[in-house]
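Open the model in your viewer and keep the selection tool at hand. The tour goes from one selection to the next and says what is found at each stop.

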Amino acid sequence: MKVIAFNGSSRKDGNTAILIKRVLQVLEAEGIQTELVQLAGEQIRGCNACRTCYTTKNKRCVIEDDNVNAYVQKMIEADGIILGSPVYFSMMTPELMALIDRTGYVARANKHLFKRKVGAAVVAVRRAGGIPTFDAINHFFLISQMIVPGSSYWNVGFGLKKGDVESDEEGMKTMDDLGKNMAWLIKKLKTKKRKT
Ligand SMILES: Cc1cc2nc3c(=O)[nH]c(=O)nc-3n(C[C@H](O)[C@H](O)[C@H](O)COP(=O)(O)O)c2cc1C
């Protein structure tokens with residue numbers, strides 16, 4: 001069992017990373033292997049709408065000069081996918097959006113590669129825009145036929161400067177509960193053979 005997490009922040013090891021790591025810590029304690037990819041510093045282009053993925057159907061994006069195809073592969077191999085982002089102008093970062101657009105289109109072109117995997121959004125915000133960002137990430141999971149577990153609150157942590165979210169006690173607890181629910185769900189799904 002494995003969960004792959006992506007941090008869409010431009011700031012490595014910032015608040016989004018802290019929140020994601022809290023979820024991963026719980027998953028690890030539950031015996032689930034985890035990996036965190038931080039997109040900070042990477043150039044990830046958006047989808048160019050060529051639809052080549054629909055003709056080749058080779059589980060790859062035609063753009064080969066960044067890491068997106070490696071990330072598609074990591075998502076295919078995982079049982080669960082966490083997508084985390086800070087809020088930038090009331091939305092996710094352009095890097096995470098580009099990752100969603102390209103991996104999502106490749107997945108749809110290849111009979112829904114992420115179908116029935118478990119998906120969770122994690123958001124860091126200073127004040128406002130947490131819920132639109134949370135919702136937008138969940139739209140990706142839901143159109144990908146993925147299963148989305150809940151937590152004791154929506155998966156949003158509050159903070160501005162690096163490390164501020166650690167003082168958001170309820171936000172951190174929400175990440176703990178998310179980790180527990182995600183682990184529970186992945187184990188349940190794993191006991192049944194996935195029919196596609
Ligand atoms: C370009 C930019 C835009 C931002 N827009 C918002 C915003 O719309 N609402 C908000 O509450 N915080 C906003 N913030 C603050 C971040 O969401 C906040 O600092 C967050 O904790 C950063 O997470 P990180 O450390 O993972 O990068 C913005 C920050 C940046 C750099």
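**Stop 1: the largest pocket**

This is a predicted model. Start by selecting Arg11, Pro86, Tyr88, Gly159 and Leu160: among the 13 residues that line the largest pocket, these lie nearest its centre. The volume of this pocket is about 240 Å³. Now colour helix H1 (15–29) and strand S4 (118–125), each of which supplies at least two residues of the pocket lining. Sorted by class, that lining has six nonpolar, five polar and two charged residues.

**Stop 2**

Next select helix H3 (residues 68–77) and helix H4 (residues 94–109), whose axes come within 10 Å and cross at roughly 60°. H3 is therefore oblique to H4. The crossing of the two helices is right-handed. To see the contact, show the side chains of Val68, Tyr71, Val72 and Met75 on H3, and of Leu99, Arg102, Thr103 and Val106 on H4. Of these contact residues, six are nonpolar, one is polar and one is charged.

**Stop 3: the cavity**

How many cavities of 30 Å³ or more does the structure hold? There is one. The largest cavity has a volume of about 80 Å³. Select its lining: Cys47, Asn48, Cys50, Arg51, Thr52, Cys53, Cys61, Val62, Arg102, Tyr105 and Val106. Helix H2 (52–56) and H4 each supply at least two of the lining residues. H4 gives the most, with three. By class, the cavity lining has seven nonpolar, two polar and two charged residues.

Definitions and conventions: Residues are numbered from 1 along each chain as its sequence is written. This is a predicted model: local features need pLDDT of at least 70, side-chain atom pairs count only at pLDDT 80 or more; totals for chains, interfaces and linings use all residues. Side-chain values use heavy atoms; hydrogens and water are left out. On a 1 Å grid over the protein atoms alone, a cavity is a set of points where a 1.4 Å probe fits but cannot get out, and a pocket is an open set with protein on both sides within 12 Å along at least five of seven lines; lining residues have an atom within 4 Å of a point. Grid points are joined across faces, edges and corners, and a volume is the space filled by probe spheres set on the points. Helices (H or I, at least four residues) and strands (E, at least two) are DSSP runs, numbered from the N terminus. Ala, Val, Leu, Ile, Met, Phe, Trp, Tyr, Cys and Pro count as nonpolar, Asp, Glu, Lys and Arg as charged, and the others, Gly among them, as polar. Axes are lines fitted to C-alpha atoms, for helices over the stretch in contact, and angles run from 0 to 180 degrees between N-to-C directions. Angles under 35 degrees count as roughly parallel, over 145 as roughly antiparallel, 65 to 115 as roughly perpendicular and the rest as oblique. A crossing is left-handed if the near helix is turned anticlockwise from the far one by less than a right angle, and right-handed if clockwise. Contact means heavy atoms within 4.5 Å.
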